[in-house]
Structures are given as structure tokens and as C-alpha cells.
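Here is a briefing on one protein model. Take a moment with the sequence and the 3D view before reading on.

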Amino acid sequence: MKRQIGLLLRGAGMGAADAVPGVSGGTIAFITGIYEELLYTIRRFGPSAIVAWRQDGVAGLVAHLNLSFLVPLLAGIATSLISVAHLVVWLMEAQPLLLDGFFFGLVAASALVVGRHPADWRFWHLLPLLVGLLLAQALPALMPWLGQLGSPALVLVVGGGIAISALLLPGVSGSFLLLTMGLYGKVMAAIRGFDLEVLMLFGGGCLIGLFAFSRLLCWLLERFHTATLQLLVGFILGSLPVLWPWRELVRYQLGPDGQMIPLDFRYLTPSGFTQVTGDPAQLPVVVALMLAGAALVWGIGRAHRGGEAFARDGRHKDKEEGSDA
């Protein structure tokens with residue numbers, strides 16, 4: 001029961017993070033020690049699940065799919081997305097500096113926690129870290145082109161696939177990519193209003209992206225484990241500019257529904273922010289929230305070591321079964 005409650009809370013953290021443009025639920029999974037377990041659990045949904053069911057019945061299927069892990073985690077994510085959607089929209093409008101400050105500290109500290117060099121780290125592992133950093137910077141600029149697909153339904157499906165793939169990448173915010181695609185407002189409104197048509201199209205794209213991308217990441221972790229981890233750290237570092245509280249939007253475009261899509265920011269000092277915008281920088285409170293976010297990550301990192309045994313067992317078992325990735 002203690003593990004289930006912990007997973008429910010981690011799922012709630014992932015859902016809350018994914019509701020905030022600029023933050024990734026994958027980062028929360030990473031720093032709470034369940035990232036690899038999550039990937040290998042998702043990969044189990046495939047032909048091997050049918051084999052497990054035929055051999056050992058329902059109990060074998062439940063064990064194979066690791067449902068004791070997945071069900072409370074998904075329950076936490078779903079509950080958080082539904083409940084936090086209203087709060088996040090209010091905070092982004094009413095207190096954007098405070099929200100960005102807290103998550104900036106959280107993400108910056110998470111990069112330090114997960115970026116600590118393992119025993120097999122080599123100097124050339126700086127290369128995948130740099131690639132992750134550059135890709136994290138480039139992805140948002142490419143997203144507005146999604147609107148060129150023409151069909152609104154196709155845009156929702158492809159957007160769902162991209163957003164859920166970003167959920168699995170620490171540091172890459174599915175919400176921010178949705179914002180740059182011009183879909184954030186539409187999807188959040190559909191979640192709050194239970195618009196089944198939009199949710200089914202978006203959810204279908206999420207399922208496609210989830211199963212395809214999880215298999216790719218598992219393949220990379222199995223063959224290039226440390227290099228892949230460094231790539232993910234690069235993604236985390238690349239997300240930090242998006243969360244810098246004191247910034248000014250200098251370039252944007254309007255989406256199909258009239259929503260503003262940010263394209264470029266100018267990053268300022270707190271005093272420069274006040275001079276340019278005329279708004280208070282709220283420096284003491286923002287810094288305090290940055291430190292609170294960092295302290296939360298360090299506390300989680302020191303207290304938790306879960307998920308690693310399952311990830312190792314999952315890699316070995318999948319190899320023995322031939323894996324369906």
C-alpha cells in the first residue's frame with residue numbers, strides 16, 4: 001500500500017508538471033526514480049502480453065504488464081491533469097513569475113541530480129549531452145509547421161503523438177510543444193469540458209506516440225545506457241531558458257484559433273525586466289521558490305532509489321523473450 005500511495009503521488013506530480021508549459025512529466029519520473037521502470041512497463045504492452053495471458057492467465061498478465069505500478073501512477077496523472085488544469089491556467093495568468101521560478105529551480109536541480117556521472121562515464125559522453133541540449137532548443141521552433149497538415153483532425157492526432165513523446169523525454173515539455181503547435185488552449189479546454197471528439201483524436205495520437213517512442217527509448221537505453229542518459233540530461237538543460245521568469249516575448253504568431261504562439265524571447269535580469277515591462281520582478285519571492293523547487297528535488301533524490309531493480313529485470317527478461325520492441 002505504501003508503494004501504491006507513493007506512485008499515486010508521483011503520478012500527480014507528473015500530471016501537474018505536464019500541465020505547465022515548459023515542464024515535463026518525464027523530468028518528475030526521472031528524479032523520483034521511476035523513469036526506466038515506466039519505459040519498460042509501457043513496452044510490455046504488445047504481443048508478449050498475449051503470450052503471458054495464455055501461459056499464466058489473468059494473474060500472469062497483471063504481473064507481465066506491471067499493473068501494480070502502472071494503475072496508481074496513471075490514476076495520479078489523470079487526477080492531477082483534471083484538477084490542476086484550472087489552477088495552472090489561473091497561475092499562468094495571475095502569478096507567472098512565481099510559477100516559473102519554482103519550476104526553474106526544480107528543473108535546474110534535477111539536471112544536477114540525474115547528471116551525476118556514472119562509473120562508465122567517458123569524455124565523449126559530452127557529445128550526446130550537447131545533442132540533447134540543441135534538440136531541446138530546436139524542437140519548439142519546428143512545431144508551428146504542424147499547422148500546414150491542413151486537416152484539424154490530423155493535426156490533433158499528430159500533436160498527441162508528439163506531446164506524449166515529449167512526456168517521456170525529461171526536460172521536453174509536451175505542454176510547451178502543444179503551445180507552439182497552437183493546440184494547448186484547445187486541448188486544455190477539452191480536458192476541462194470533456195470534449196470527447198477532441199479527446200479521442202488527441203488520445204489516439206498519444207497512444208501511437210507512446211508505444212512507438214517508448215520502444216525507441218528502451219532500445220537506446222539497452223545498447224547505449226550512459227550515452228542515452230546524458231542525452232536526456234541535455235534535454236533537461238535545454239528546457240531551462242523556457243522557464244526563466246524574467247523574459248520578454250519578442251516574436252510570436254497567431255494559431256488557427258487566434259491563440260498566440262511564442263516563437264522567441266529576450267531573457268532579462270530582474271532589474272531589466274522591471275525597466276522593460278514596468279512590472280515588479282518579485283525577486284525575493286521568486287528566488288525563494290527557486291530554492292524550494294531545488295530543495296524538493298534534492299530531497300527526493302536522496303530519499304528514493306526505486307524502480308532500478310525492475311528496469312534491470314525488465315531489460316533482462318525482454319531480451320530473454322526476444323522482446324516485442
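The model is predicted. Its largest pocket has a volume of about 960 Å³. Several helices share in lining that pocket.

**The largest pocket**

- Rolling a probe the size of a water molecule over the atoms shows where empty space is left.
- The lining of the largest pocket is made up of 31 residues.
- Ile-77, Leu-81, Ile-164, Leu-167 and Cys-206 are the lining residues that lie nearest the centre of this pocket.
- Which helices each supply at least two residues of the lining? They are α1 (2–18), α3 (35–43), α5 (67–94), α8 (152–167), α9 (174–181), α10 (184–193) and α11 (196–223).
- The largest share comes from α11, with seven residues.
- By type, the lining holds 26 nonpolar residues, four polar and one charged.

**Helix α1**

- Helix α1 has 17 residues, and at 1.5 Å a residue they should span 24 Å.
- Which residues of α1 are buried? They are Gly-6, Leu-7, Arg-10, Gly-11, Met-14, Gly-15, Ala-17 and Asp-18.
- An α-helix has 3.6 residues a turn, so residues three or four places apart point the same way.

**Helix α12**

- Helix α12 covers residues 225–238.
- At 1.5 Å a residue, its 14 residues should span 20 Å.
- The end C-alpha atoms of α12 are 20 Å apart, which agrees.
- Helix α12 is mostly covered, with twelve of its 14 residues buried.
- Among the buried residues of α12 are Thr-226, Leu-229, Gln-230, Val-233, Phe-235 and Gly-238.

**Glu-37**

- Glu-37 sits in helix α3.
- Is Glu-37 buried or exposed? Its relative accessibility is 2%, and buried means under 20%, so Glu-37 counts as buried.
- The side chain of Glu-37 makes a polar contact with the side chain of Arg-3, at 2.8 Å.

**Asp-195**

- Asp-195 lies in the loop between α10 and α11.
- Asp-195 has a relative accessible area of 35%. The partly exposed class runs between the buried limit of 20% and the exposed limit of 50%, so Asp-195 is partly exposed.
- What does the side chain of Asp-195 reach? It reaches the backbone nitrogen of Glu-197, at 3.3 Å.

Definitions and conventions
Residues numbered from 1 in each chain as written. Predicted model: local features only at pLDDT ≥ 70, side-chain atom pairs only at ≥ 80, totals over all residues. Heavy atoms only, no water. 1 Å grid on protein atoms, 1.4 Å probe; cavity = no way out; pocket = protein on both sides within 12 Å on 5 of 7 lines; lining within 4 Å. Points joined across faces, edges and corners; volume = space filled by probe spheres on them. Helix = DSSP H or I, 4+ residues; strand = E, 2+ residues; numbered from the N terminus. Nonpolar A, V, L, I, M, F, W, Y, C, P; charged D, E, K, R; others polar. Expected span 1.5 Å × (residues − 1). Buried < 20%, exposed > 50% of the residue type's maximum accessible area, 1.4 Å probe, protein only. Polar contact = N/O pair within 3.5 Å; in protein donor to acceptor, adjacent residues only side chain to side chain.
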